[in-house]
Amino acid sequence: MRLWLIAKMLLHPLRWAQDRIDAWVMARVKRQPGPIAIPRGRVYIVPTRFGYVFAFMLLVMLLGAMNYSNSMAFLLSFLLAGIGLLCMHHTHANLANLQLRAGVISPVFAGDTAHVEIRIDNPSAQQRLSIGLSWPRQDVSMTAMADIAALQGETRSLPLPAARRGWLRAGVFSVSTEYPLGLFHAWTWAELDIATLVFPRPATPGRVPPGSAGQGSLEASNRVGQDEFSGLRSYQRGDTARAIHWKSLPKSPQPMVKQFQETLDQDLWLEWNTLAHLDHEARLSQLTRWVLDADTLHRRYGLRLPGTVIAPGQGEAHRFQCLKALALFDA
Amino acid sequence: MSMSERGLNDYLPVATLLRMLAVLLLILAPHASHLPVWESALIVALLSWRGMAARRQWRMPPRILRAALVFAALGGVYASFGHVSGQTAGTALLCLMAALKLVELRERRDVMVMVFLMYFLLITHFFYSQEIWTAIYLLASCVAITALLIECQHLGALSPRQTLRKAGVMVAQALPLMLMMFILFPRIPGPLWGLPSDAGAAARSGLSDSMSPGDIAALIQSDAVAFRVRFEGAAPPPDQRYWRGPVFDHFDGRTWKHGWTPPRALSADAVRYEGAAVRYELTLEPTRMPWLLALDLPQARDLPPDSQLDDDGELLARHPVNERVRYTLTSYPHYLLEPELDVRERERLTSLPKGRDPRAVALARGWKAQGLSDPAIVATALQMIRRQNFVYTLRPPALGTDSIDEFLFDTRRGFCEHYSSSFTFLMRAAGIPARVVTGYLGGELNELGGYYIVSQSDAHAWSEVWYGGSWHRVDPTAAVAPERVERGLDAAIGSGEGLPAYLARRTAWRDAVKLRWDWLNARWNGLVLGYGPELQQRFLERFGLDDLRSMILALTVLLTTSMSIVGLLLLRRAAPARSADRALREWQRLQHRLAARGYVQRGDEGPRDFVARVLGERPDWRAPLQTAADLYLQTRYLQAPDAGLLTALQQAVRAARLPA
C-alpha cells in the first residue's frame with residue numbers, strides 16, 4: 001500500500017498533489033442545509049490538459065516570432081496569451097456566486113440508484129453556461145451539465161447507488177465549469193444536507209405470510225375468519241398438538257400453547273418472528289416484499305418487529321411508515 | 001434528465017462541424033497563393049467531403065486509408081518542394097495535416113486539437129505578409145477561432161451570435177494585454193536558431209544582379225515601394241537624387257553583369273568627398289539582394305552595421321536583404337572616386353565582346369582618331385543622342401545579336417537601359433573606362449509624413465566614365481529626355497510609349513489617397529513591424545525602463561493590474577443582481593444578516609414563519625427583528641403601501657442590529 005503511494009507520487013506528481021489538495025479541501029467541506037452560495041474565495045481553478053497544450057503552443061509561437069523577428073507573430077502570440085490569461089477570470093466568474101439547494105430525493109430500495117436532485121440558482125444578471133455537477137472522482141461523461149439563464153435556476157440530478165438499507169447521505173459533490181475556453185477547470189466542493197431512506201431490498205416474490213398459512217397466497221387469504229396470533233398461554237388439556245409452541249418447550253417448565261384470536265377483519269400481520277429460520281437482512285427483505293405485496297393488493301396490514309409494532313393500516317403513509325421501520329430496524 | 005445533458009465527451013453537432021469547416025477555410029484561404037495547385041484542390045475536396053459526410057451521416061474511412069492519406073500527403077509535399085521542412089514546405093505540410101485531421105474528426109475533443117492547429121496556422125501567414133490588412137485578418141480570425149473553441153465547451157450547438165459575441169469580448173479585453181506585452185516583452189536581437197533559406201516575404205520585383213535590354217522597362221510596370229527616405233534638413237535637388245545600386249562592369253554583347261573580381265572594400269584614400277553632406281534615414285523594402293541603396297555616394301566611414309562600401313561604390317550588406325531594413329547614411333553628391341586606375345583595371349573597364357557591334361566600335365574609334373579628349377568624346381556622344389531623333393519609350397522594338405548597333409543606328413527607340421548600355425559601350429570602344437550603374441532616380445515627396453517614396457517605377461540606369469582622375473556620372477537618358485530627371489517618368493514618356501497604367505491614370509485625388517495610404521504603411525512599418533530590440537530600447541528609455549529587469553518588472557505590474565481590473569469587473573457582473581423591488585432588497589439585506597448568524601429561511605417558510613422560528617430560538621432579537629419583519633409584510637401585502645412605509649422599512653432594517 002505504501003509502496004503504491006510512493007509509485008503514484010513519482011509517476012503522477014500532479015495528480016498526486018491534486019488528490020492531496022482535494023482530500024484536504026474535502027475534509028473541510030461543511031455539510032449545510034442550503035442554500036449554499038459559492039463564494040469566489042471557494043472557487044478553485046487549475047489549467048486543464050488543453051490549457052497546458054495551449055501554453056506550450058504559445059511558447060512555440062513566441063520562439064518562432066523571436067527567431068523570425070516577426071512583429072505580427074509577436075502580436076498574435078501576445079493576443080492569444082492575453083486571451084488565455086483572461087480565460088482564467090472568465091471561467092472563475094462563470095462559477096462564482098451560484099447558489100446550490102437540495103432538490104427532491106425519493107427513497108429507494110437497496111441495490112437501486114437514488115437520484116439526488118440539486119438545484120443551481122443564478123442570482124446574477126449574467127448567464128452561466130456549461131455548469132457541471134458531479135460526485136468526486138467521477139468520469140467526465142457522468143457529469144450533469146446545465147445552462148442557467150440570468151436570475152433563473154436549473155435542477156439536475158446525480159445518480160447515487162444505494163447499497164445498504166438505512167439513511168443514505170449524498171455526501172460531497174462538486175460544481176465545476178470549463179467554460180468559456182476549456183483551458184481552465186474551476187470547481188468547488190459542497191455538501192448539502194441531503195439524505196434519503198434506503199428500504200431493504202425486497203425478497204423475491206413467492207413466500208406467503210404465515211398469517212395466511214394454509215390458505216394459499218395472499219390473494220387466497222382474502223376472506224373473513226382469519227386466525228390471528230395473540231400470544232402464548234399454558235397448556236391445558238384438550239389443546240391440539242398443532243397449537244403447542246414447540247420452540248419454547250425446552251425453556252419453560254410446562255408446554256406453552258399458541259393462542260389464536262379469531263378476527264373478523266382482514267388485517268394481516270407481518271411478523272419478524274415468523275421468519276426465524278432466516279438471517280436478519282433476509283428477514284427484513286422478506287417483510288419488505290410482503291409490505292409491498294400487501295400494499296399492491298390494498299390489504300390492511302400491520303408490522304411487528306422486535307421493539308416496534310405498527311398497527312394495521314393502509315395507504316401511502318402507512319406503507320412508508322412500515323418501510324421506514326424496516327429500513328432503520330436495528331436489532 | 002436526458003442523457004444528452006451529461007458530460008462533454010460527445011459527438012459533434014453537425015452545425016458545430018460546419019462552422020468549424022468555415023473557420024478552417026478562412027484560415028487556409030490566404031495560403032492558396034503559395035500552395036501547389038494539387039494541394040489547394042485536395043484541401044478543398046477534403047473540406048467539402050467532411051461537410052457532406054456530416055450532413056449525410058457517412059462513415060469515416062478506416063484507419064488504414066487514413067494512414068495512407070497521411071503518407072501520400074507527405075510524399076506529395078516532398079515531391080513538390082524537395083523537402084518537408086523550411087518555411088514554404090513546412091506551411092504546405094501544416095495546411096495539409098489540418099485538412100487531413102478532418103478525416104478522423106468526430107468528437108468534441110478533436111475540435112479542440114483542430115482549434116489549436118488553426119491558431120498555429122494563423123501565425124504562418126505572417127511569414128508571408130505583415131501588411132496592415134493582416135492585423136485586421138488576425139483579429140477577425142482570432143474571434144472566429146475563439147468562438148469555435150467556446151462552442152466546444154458547451155453541449156449542443158450554441159448560436160453563432162452568442163459565441164462570436166463572447167469571443168469578441170474576450171479578444172477586445174485581451175487587446176490591451178497584447179499591447180503591453182508587445183511593448184514591454186524584452187526583444188532579443190537576431191534569429192535564435194537560424195532561418196530557413198526561404199524565410200521572409202515572397203520574392204518581389206526589384207533591381208537584379210544583371211541588366212539586359214527590357215529589364216528596367218519591365219520593373220517600371222510595378223508600383224511597389226522600393227524604399228522610403230527621410231532627409232535630415234533639405235532634400236537635395238532632383239538632379240542629385242541618384243540612388244546607387246548594383247554596378248556592372250562586364251558586358252557580353254547583350255547583358256551587363258558584375259565582373260568576376262570579388263568585391264573589395266573601398267580604400268579610404270580612393271575617395272575624396274566634396275561639398276555639402278546630405279544625411280538621411282532610408283527604409284529599404286526586402287529585395288533578397290545584398291545591395292543597400294544609397295544616395296550617390298555614401299560616406300564610407302559612417303555605414304550601417306554589417307555592410308561595406310566596395311571599390312565599385314556599391315554599398316553591400318553581408319546578407320541578402322530578406323526583411324525591411326532601416327539605416328542612416330551620410331552622402332556627398334560631389335566626390336572624386338578612384339584618382340588612380342592601374343593598367344589592369346583600365347583594361348578590364350574598357351574590354352568589349354570581340355567582333356560585336358562593329359558600327360558602334362567604328363564610330364567611337366573615329367572620335368578617338370580625331371584626337372578628341374575624353375570629356376570631349378563624352379560630350380560628342382551625348383550630343384549625338386540629343387541631336388539625332390532618339391525616342392525615350394517603354395515600348396522599344398526587340399533587338400537582335402548586335403543590340404548596340406541596332407539601337408544606335410536603326411531603331412533609336414529605347415529606355416534608360418538602352419541608353420546607358422550603348423553609351424557605356426561607346427565610351428569603352430573609345431578607350432575610356434566606363435561602367436553601368438543601376439539604381440533609382442528621383443522619389444515622390446509624401447508631405448503628410450515628410451519623407452520621399454522611391455518606387456520601382458523610379459528604377460533607372462546610367463553610366464559612369466573615368467577621366468581626369470575620377471569617375472564621372474553621365475546620364476545619357478537625360479540627353480534624350482531631360483524631364484525624366486526633373487519631373488519623373490510620367491512627364492518624360494510620351495503618350496503611346498507604354499506608360500504603365502497606374503501612372504497614366506494618375507489624378508490629384510488618386511495621388512492624395514495613395515500618399516495617405518503610403519504614409520499609414522510607413523507608420524505601420526516603422527512603429528509596429530520595425531519594433532525590435534533597438535526601437536524598444538529607444539522607446540522605453542523615455543520612461544526610464546532601460547534594462548531587462550525594469551522592463552520585466554513593469555510588464556508584470558501592468559499585466560497584474562489590468563488582469564485584476566478585468567477580474568473584478570467580471571466578478572461584479574457575476575455578483576447577485578440587485579432587485580428592482582426596493583422592499584425585497586431590504587428584506588434580502590435582513591435575510592443576509594440572519595444567514596450570517598446561521599438562520600437561513602427554508603424554502604417552505606414564509607417571512608412570518610421564518611421570523612417566528614428565529615425568535616423562538618433568539619427571543620432577545622424581538623425588538624429589532626419584529627418591527628422590520630412587520631413593516632416588510634405590510635409593504636408586501638398591504639393594498640396600497642405608501643412611500644412612507646418603505647422609508648420606515650429602510651430605517652427599521654438599518655436599525656436592526658442583532659446582538660451576539
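Domain bounds here come from an automatic or database domain assignment. With that in mind, I noted that chain B is split into domain 1 (3-184), domain 2 (210-508), domain 3 (533-574) and domain 4 (582-655). I also jotted down that this is a predicted model.

**Domain spacing.** I looked up how far apart two of these sit. The C-alpha centres of domain 2 and domain 3 of chain B are 50 Å apart.

**Where the chains meet.** Next I went to the A/B contact. I found 55 residues of chain B in contact with 53 residues of chain A. On the chain B side, five helices supply at least two residues each: H5 (108-125), H6 (132-152), H7 (160-184), H18 (508-529) and H20 (548-574). H7(B) gives the most, with 9 residues. I then checked the make-up of that side of chain B, and it comes to 41 nonpolar, 10 polar and 4 charged residues.

Which residues touch the most other members of the largest nonpolar core? I got Leu76(A), Val115(B) and Met118(B), in a core of 130 residues. Helix H4 (residues 71-95) of chain A contributes the largest share of this core, 14 residues. I followed up on Leu76(A): leaving out residues up to four places away in sequence, it touches Met61(A) as well as Leu122(B), Ile123(B), Phe126(B) and Leu138(B). There is another core apart from this one, with 80 residues, including Leu207(B), Phe251(B), Val437(B) and Tyr452(B). A reminder to myself: in soluble globular proteins, nonpolar side chains tend to be buried together.

**The sheet.** I traced an open sheet of 5 strands in chain B, in the order E11-E7-E2-E17-E16, with antiparallel pairing. Strand E11 (325-331) and strand E16 (444-446) of chain B are the edges, each pairing on one side only. On average, neighbouring strands in this sheet are turned by 30 degrees against each other, direction ignored.

I zoomed in on one pair. How many bridges join strand E7 (residues 278-284) of chain B to E11(B)? I got 7, and the two strands run antiparallel. Within that pairing, Val278(B) has Ser331(B) of E11(B) as its bridge partner. For the record, strands of a sheet pair through backbone hydrogen bonds, either parallel or antiparallel.

**Back to H18.** I had already listed H18(B) among the helices supplying the side of chain B that touches chain A, and here it turns up again.

Notes: Residues numbered from 1 in each chain as written. Chains lettered and ligands numbered in written order. Predicted model: local features only at pLDDT ≥ 70, side-chain atom pairs only at ≥ 80, totals over all residues. Contact = placed C-beta atoms within 7 Å. Helix = DSSP H or I, 4+ residues; strand = E, 2+ residues; numbered from the N terminus. Nonpolar A, V, L, I, M, F, W, Y, C, P; charged D, E, K, R; others polar. Pairing = 2+ DSSP bridges. Axes fitted to C-alpha atoms, helices over the stretch in contact; angles between N-to-C directions. Core = buried A, V, L, I, M, F, W, Y, C linked by C-beta atoms within 7 Å. Buried ≥ 20, exposed ≤ 12 C-beta atoms within 10 Å, placed from the backbone.
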